[in-house]
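Q: Hey, can you walk me through this structure? I'd like to chat about a strand and then a pocket.

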Amino acid sequence: MSSTYRDLITAISPSLNLSNVTDASPSRLCAACARLVPDRLRAEGHKIKTDYELLDTFPEFPVLKASAKAGCMLCRLLRKTIRSSWAVSLRPMEEHGLGVLSAKDGLWDDLFGKPWDRQVRIFHGHFRLSSRGLHQDDHSEQFIQNLSIRFGPANLPAEEDDWPYKRQIYQVLMFNVFDSVDACEIGNVDDSTYTRRPPDQNALSPLNIELMKSWISTCKNHHAACRLDASADWLPTRLIQIAESEGLYVRLVETSKHLNKHLEPPVQFMALSHMWGDVSILPPLRTLKSNYDDLQQEISMEELPQNFLDAVLVCRGLGIEYVWIDSLCIIQDSPEDWKHEAVTMHLVYKYAQATIVAAAAKSSRDGFLVRNTSMTPAVKVVHASETGKQVGRSLILYPTNEESETDFEYEGSEWNTRGWTFQERYLSTRLIYFCRNVLQFECRTCKSSEEGETSLPGGRNNSLWPRTTMPTDAWFKMWTNMLIRYTARKLTYGRDKLIAVRSIVNEMKDHVPGPYIDFAGVWQMNIHRELLWMPWGAIPTYPDEYRAPSWCWASLDCGIAFSMISSYDRRHGEALEVVEFNEGALPTIVVKAYVRRIVSIVKTYPDDLFNDARKGGVLYNLLTDGLMPSAEDTQPKLFARGSLDRYKDEDGILEKQADLMYLHVCDSQQPTGLILKKRASGIRMDELVPDAWFRVGTASVFKDLRELPFASKGFEGQEKREVIIV
């Protein structure tokens, strides 16, 4: 078996790391680092600014190196982190800074147009403060959360091209910070949920077990936004039972036969959310028709994938006897059982005590409890108090996880990019994330972590499905915002695109009027908005097999955005009317709407495929005739501007002879309608649909969100036309 370069490398733990730094003796700081003092008397809001600044030379950083050799551990950490960050940026195949840096590694050369002088400025050392609990405005209840330091070129070439942003070129290093004062003071707070401390070496340490219990208990008893109906006693069809009988004993149980829903206290269960991994290589243990009876007798511990075993250990630690795991609690080779269970999937995550999220695992075999804190470099340094006196205060610092751009690591995890895990997160009442080396928690009221970090009520980070009463328009806005986030995720099988949001649909049904159109993934009462989606963020691709109608957001593989709402009272043409939805062999929507023939489409900007995709597509002018019914009206005239769903002209859309039409959806949004192309046959070539059209893009008859149309006549003198869209 061949080995890669990386296989031959044995990782060596830094002498001072996250696993031993707490018990280490603090070291003294050099004169430069002594300016990195978190003086809370100088706090401005949630930030403490320092005047730290240092000049050094790439690639050896001799100033930092000499200071580290003289005993400044913070200089050692800064040098190691900068060089590691540099190497990862330049050599994506050599992670964690492997490889020797040299003067040829010009990270900023391309920005300057000529080599830079290798002088690096390290500056802007700012500490951030965070609240200890749910009292955001109480500055007396804050702890130091992290330190950000910038590094960038010290001397910039002449700005001959007048680019004003060159003086702001820098990268940012982030360090988690633990002040000994915070640890001591918070240790006296009754609510241990917000205790500030470095991560434990053991994910299931007694302290972490109590912390998880506290998260769940506090949420259940004190968070009104998370509270469920007290009379609810819902249980899934099946659960995994965890028992102690001469060791750990696990089996599959049917709840209707083995559990009484009305027990006091009621039966409690957890749910597991995880990534299966490549099932073509080694699928996780699954319940099948052939092993169903055997799994009800006992599930061998040796057969459990590591994620499942870890979930069992978490439940045992929390004193919860049951856990729901998708591949075991749904009979995987029974379409009937899968369909039956899919209808109640949203209730599983809703009524679980908490969802265990294996955020650190990329497959069912990886596991999520093992930690490698010994591989994270850390330092413990003495620092002065606000009065300048040395009173035994110390700081522990270590680099944050580079995979996450937020304080909460799970936001940047691969688990958070998958399509199926979206509804599992969105619908859970509360979630406990097992990230790399840290526990984190999320509910509808707050976020928290093992390290004591919090995100408070009213923050922008809460992305869970609401449990409050809202107007219908607010629910539909939630739905479209959800689709924007969902479509940016990945699915192993594109055919699951509509299925993987079905649980959210089931949760939403009781809150909005009108039916949900299953075959197209739209709400009939919100059809004007849901027709006007646009590809966004990446080059769209179309599936090899038919998946959904062309006017449905699930018809292509790409992130999407929705039309903007105009605040102006725009009047150009009455809104589209839905005649019917047809879920036949060839699903269609039949509408009555104003239309205009498109005689030609003209591109407005040169090709730039990457930026076109990021901004939502190339813009095209749509030309029509007949705007001014007179003998002088012989030239096509501009009446709308829009973009195509396909960025390459695979269907000859730009050719004049193409049979194209603009269909008006409504005035109040931007874009205002669809670009359609006539098709002689249905998407399935053996089924002819007379006068059928399919969507190829979106366009607006208004120049912007204001009231200025491209053509003032609008649809005067016309009647709405019945159109079939496939």
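Q: Okay, which residue stands opposite Lys-592 in E32?
A: That's Glu-722. By the way, this is a predicted model, where local features need pLDDT of at least 70, side-chain atom pairs count only at pLDDT 80 or more, and totals for chains, interfaces and linings use all residues. Residues are numbered from 1 along each chain as its sequence is written, and side-chain values use heavy atoms, with hydrogens and water left out.

Q: And how do E23 and E32 pair?
A: E23 and strand E32 (residues 721-725) are antiparallel, with 5 bridges. Two strands pair if DSSP finds at least two bridges between them. Strands (E, at least two residues) and helices (H or I, at least four) are DSSP runs, numbered from the N terminus.

Q: What joins E22 to E23?
A: A hairpin, through 5 residues. Strand E22 (residues 577-582) also pairs with E23 in the antiparallel sense over 5 bridges, and Glu-580 has Val-590 in E23 as its bridge partner.

Q: How many residues of E23 are buried?
A: 5 of the 6 in E23 (residues 588-593). Buried means under 20% relative accessible area (1.4 Å probe, protein chains only).

Q: New topic: which element gives the largest share of the lining of the second largest pocket?
A: H12, with 5 residues.

Q: And how do the lining residues of that second largest pocket divide?
A: Into 14 nonpolar, 9 polar and 9 charged. Here Ala, Val, Leu, Ile, Met, Phe, Trp, Tyr, Cys and Pro count as nonpolar, Asp, Glu, Lys and Arg as charged, and the others, Gly among them, as polar.

Technical notes:
Buried < 20%, exposed > 50% of the residue type's maximum accessible area, 1.4 Å probe, protein only.
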